[in-house]
Amino acid sequence: MPTLLRWFLYPIVFVLGLAGIVLALAVVVLSLAYPNLPSLDILTDYHPKMPMRIYTADGYLIGEFGEERRAFVSIQDVPEIMKQAILAAEDERFYQHRGIDTLGVLRALHANLIGGGKRQGASTITQQVAKNFFLSSEKTYTRKLYEALLSVKIEHNLSKDQILELYVNQIFLGQRAYGFATAAQTYFGKPLADLTIAEAAMLAGLPKAPSAYNPVINPTRARLRQQYVLRRMNELGFISAAQQEAALAQALVIKREVNESVVHAEYVTEMARQIAAERFPDDVYTRGLRVYTTILKKDQEAAYNSLRRGVLEYDRRHGYRGAEAYVDLSEIKSEQDEALDELLQDFQDAEDLHPAIILHIDARKVRAYRRGGEVVTINGDGLRFAARMLDDKAPPTKRLRRGAVIRVQTDEKNNWRIVQMPEAEAAFLAADPRDGAVRALVGGFDFNRSQFNHATQAWRQPGSSFKPFIYSGALEKGFTPASVINDEPISFPASVTGSQSWEPKNYDGRYEGPMRMRTALAKSKNMVSIRLLQASGVRFVQDYVTRFGFDADKHPPYLTMALGAGSVTPWQMVTAYAVFANGGYRIRPYIVSEIQDDKKQVLARAEPITAGDDSLRAIDARNAYLMDSMLRDVTIYGTAARASATLKRKDLAGKTGTTNEHVDAWFCGYQQTVVGCSWIGFDQPRNLGSGETGGTAALPTWIGYMAGVLKDVPESFLPPPQGVVARASPGRKKGPAEELFYEENAPDELEPEPATDEAAKPED
């Protein structure tokens with residue numbers, strides 16, 4: 001019996017005693033630690049860090065700013081299959097335990113002992129919430145103790161659905177995505193409610209190790225984790241075997257670019273960000289602001305695509321410049337060597353212009369490596385643009401050879417071709433002339449290359465696109481569209497110009513003698529513009545153009561003003577041309593219509609001024625009507641005749657512009673519902689090239705945009721205001737059959753127009 005007591009009873013007493021001591025110590029620790037646990041206010045009054053989101057006027061997301069990509073979703077809106085996938089992956093007994101899953105702990109201990117090391121964890125969803133909100137990620141016994149205590153406290157104060165809601169919205173899931181709603185958009189480009197079983201299982205597998213199971217970075221490991229989640233869902237009865245098999249067979253389409261938006265509006269997004277940050281500087285990137293811009297998706301995409309097409313067409317006209325750079329391939333072992341991606345890291349994609357490294361080249365074929373492991377073959381027509389740089393006689397510093405970095409693009413038949421990044425820049429801006437709401441804005445060819453917004457920040461010479469404001473001033477001084485002005489050479493001494501003697505010329509070098517003012521504007525005759533400015537008075541016109549929104553100090557009072565030698569921005573030009581489009585009212589373009597908080601309560605709203613208010617009148621309604629008539633002639637038979645011919649409508653008006661030495665090319669114009677301005681040039685001003693004028697380089701972008709947005713818009717014209725009369729215009733071959741006048745200076749009858757060449761050169 002003593003032996004029995006010694007070997008059986010004493011150990012039991014010892015274990016019980018030790019357990020009692022441990023229990024007593026635990027009670028002491030709990031009594032000391034539990035009251036000192038942090039308040040749960042952060043959970044009961046949950047305000048996640050929500051990024052600022054920027055939208056088009058028609059509700060499309062175009063930008064997001066914040067450290068965390070997050071979209072809050074209530075637990076009632078989380079689909080059941082997503083909840084089941086999360087429980088299967090993370091905490092199958094979530095609705096049974098009280099914060100700590102004892103069975104789970106024992107199961108993990110058993111698995112770890114059998115496995116000979118730490119292989120399996122047992123953290124519940126509640127414990128993960130406690131850790132994410134209150135604790136660090138360090139792996140210490142003290143931290144685990146606090147995690148357990150906090151979990152118990154959380155379970156006593158919140159319902160299970162409240163805890164799951166916190167988890168669903170707070171957990172990090174890779175790619176800067178926090179919460180399952182954001183992850184659904186980030187990885188699959190769809191709302192949470194539209195996820196399939198396969199997609200839900202993929203997302204549910206991420207919390208365990210967001211980097212390791214990221215389907216963008218590690219698709220193989222992500223697939224294995226998804227298979228595990230689907231198997232557990234089947235074992236727990238959440239899905240049938242047939243559903244499991246169907247989910248395993250589904251091919252998932254993963255979004256590779258997490259920053260992609262449905263609308264190309266990077267310059268607009270940055271403008272909106274600056275406006276919101278200036279208005280609400282505190283926590284602007286974490287309070288969930290919703291910024292609504294005035295742009296429309298259809299308009300913005302039309303402007304973006306047309307500008308890029310216009311710049312690339314201009315660039316191709318001036319030939320291939322050769323390799324973008326060269327990299328050393330001496331250490332490259334194969335066409336799939338991972339080091340190739342490292343060599344491309346300094347060369348970013350510019351939409352569909354992809355950087356690539358030439359691996360093999362001969363006269364008929366080029367093989368090049370693209371980022372991500374794709375090797376493309378370029379031959380036939382795909383080599384034509386770069387043909388001269390394939391020749392051994394090409395300059396060594398630009399010749400295409402192994403190791404050269406080039407740009408590649410697919411053509412309309414999906415064949416690869418060699419292209420290049422254009423050096424020229426451009427801008428396009430369009431707005432509603434009735435209230436100034438900006439409908440589209442593209443500030444440059446590629447935002448990632450240059451964030452400088454040429455639509456709002458670039459001060460450039462407007463050239464002939466400034467002439468309409470000289471003509472408008474002349475109408476105020478008593479001239480009429482039928483006034484005859486001499487198109488003959490003219491010269492001025494330095495005392496008149498303010499600098500040096502000046503002998504201006506017409507663009508094409510031709511002089512046609514006396515002609516009507518209407519014809520001169522359509523043909524963009526420099527000599528006529530100069531004589532009109534001289535007759536009107538440079539000081540008067542310098543002050544007059546401020547009515548349109550121009551700065552007087554940017555347009556010195558010299559005769560060179562007649563040829564657009566001052567400085568303007570595309571934003572100013574749209575403001576100014578809107579005056580002609582809306583009947584004489586000066587509106588203010590604006591790009592942000594409303595800012596809301598995360599609960600969609602309005603914090604700020606634009607108060608646009610609208611054409612029709614007499615306090616906004618910039619010029620006489622009759623002046624606007626006559627100018628509109630003359631500017632429509634420019635697009636019908638003048639220097640921009642390509643516009644009406646292409647779009648097949650007569651309600652377009654505008655003016656081309658080319659500066660001295662072909663440095664800047666413009667076209668600014670409008671239809672009754674939209675006014676737009678296109679510009680192209682170099683950041684460091686230089687000659688665009690022979691023949692590169694407003695009609696050649698800038699007008700195509702404007703036409704491309706208008707073709708997209710006016711497709712279903714009927715023709716419309718300004719109604720004639722009181723005080724305008726018409727007189728028959730005998731002998732006219734081009735332009736309206738009647739001429740327009742202010743009632744007080746209309747002739748009884750009109751003399752025939754002086755004979756001139758029938759059409760204007762389209763290049764100016």
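This is a predicted model: local features need pLDDT of at least 70, side-chain atom pairs count only at pLDDT 80 or more; totals for chains, interfaces and linings use all residues.

Q: Is strand β20 mostly buried or exposed?
A: Eight of the eight residues of β20 (residues 674-681) are buried, so the strand is largely enclosed by the rest of the structure.

Q: Which residues sit on each side of β20?
A: Val674, Gly676, Ser678 and Ile680 are on one side, and Val675, Cys677, Trp679 and Gly681 are on the other. Both faces are covered.

Q: Why does the list skip every other residue?
A: In a regular strand, side chains alternate between the two faces of the sheet.

Q: Which strands are joined to β20 by seven bridges?
A: β12 (residues 425-431) is joined to β20 by seven bridges, and the two run antiparallel. β19 (residues 665-671) also has seven bridges to β20, again antiparallel. Glu425 has Gly681 as its bridge partner, while Gln671 has Val674.

Q: How many residues are in the hairpin link from β19 to β20?
A: Two residues link them.

Q: New topic. Which residues touch the most other members of the largest nonpolar core?
A: Leu441, Ile680, Trp702 and Tyr705 do, in a core of 121 residues. Helix α20 (residues 570-581) gives the largest share, nine residues.

Q: What does Leu441 touch, away from its neighbours in sequence?
A: Beyond four places in sequence, its contacts include Tyr267, Met271, Phe428, Trp571 and Ile591.

Q: And helix α23, where does it bend?
A: α23 bends by about 30° at Pro700. The helix covers residues 694-709, and 13 of its 16 residues are buried.

Notes:
Residues are numbered from 1 along each chain as its sequence is written. Side-chain values use heavy atoms; hydrogens and water are left out. Helices (H or I, at least four residues) and strands (E, at least two) are DSSP runs, numbered from the N terminus. The expected span of a helix is 1.5 Å times one less than its number of residues. The bend at a residue is the angle between axes fitted to the seven residues ending there and the seven starting there. Buried means under 20% relative accessible area, exposed over 50%, partly exposed in between (1.4 Å probe, protein chains only). A nonpolar core is a set of buried Ala, Val, Leu, Ile, Met, Phe, Trp, Tyr and Cys residues joined through side-chain atoms within 4.5 Å. Contact means heavy atoms within 4.5 Å. Two strands pair if DSSP finds at least two bridges between them.
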